[in-house]
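The notes follow in the order I checked things.

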Amino acid sequence: MKPTTSKYVLLEEPNCYYQVREERVFIHALRDIIAGEELTFNYGYDLDGFEEHPCRCGSARCVGYIAAEEDWPRLRELIEERRSSREGIEEKITPKPF
Ligand SMILES: [Zn+2]
């Protein structure tokens, strides 16, 4: 099988979803798919260690990380909390001009 670098593309606007039944994964189309078009779906990772799964889909709706859609509101809060605390740290270590 040819390796691909695009397995995490367009997760927020997927053309498929998956179901696990009896230890098998089934991929279902959400719309008509053109021959040769890549199959995409949201992996739905939980929020533990979300920073290990950045999303590079480029969608305007993207939350920046691969996570289950129902977790996006909480994920946005976590991102904002981390951004705020990081800015606080940078403020403390940035030398003040005399
Ligand atoms: Zn994305």
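For burial I used this scale: a residue is buried if 20 or more other C-beta atoms lie within 10 Å of its own, exposed if 12 or fewer, and partly exposed in between. The model is predicted, which I keep in mind throughout.

Entry on Cys 62. I counted 17 C-beta neighbours inside 10 Å for Cys 62, so this residue counts as partly exposed. I located Cys 62 in the loop that runs between β2 (24-29) and α1 (72-93). I then took the C-alpha separation from Cys 62 to Trp 72 and got 9.3 Å, with the two residues 10 apart along the chain.

Entry on the fold. I find one helix and two strands in the protein. The order along the sequence is β-β-α.

Entry on the strands. I looked up how β1 (residues 16-21) sits against β2: the two pair in the antiparallel sense, over six bridges. As one case, I noted His 28 in β2 as the bridge partner of Tyr 17. I then asked how many of the six residues of β2 are buried. The count is zero, and I logged β2 as hardly covered.

Entry on totals. Of the 98 residues in the protein, 6% are buried. For contacts between residues at least 6 apart in sequence, I noted that 46% join residues at least 24 apart.

Key: Residues are numbered from 1 along each chain as its sequence is written. This is a predicted model: local features need pLDDT of at least 70, side-chain atom pairs count only at pLDDT 80 or more; totals for chains, interfaces and linings use all residues. Helices (H or I, at least four residues) and strands (E, at least two) are DSSP runs, numbered from the N terminus. Two residues are in contact if their C-beta atoms, placed from the backbone, lie within 7 Å. Two strands pair if DSSP finds at least two bridges between them.
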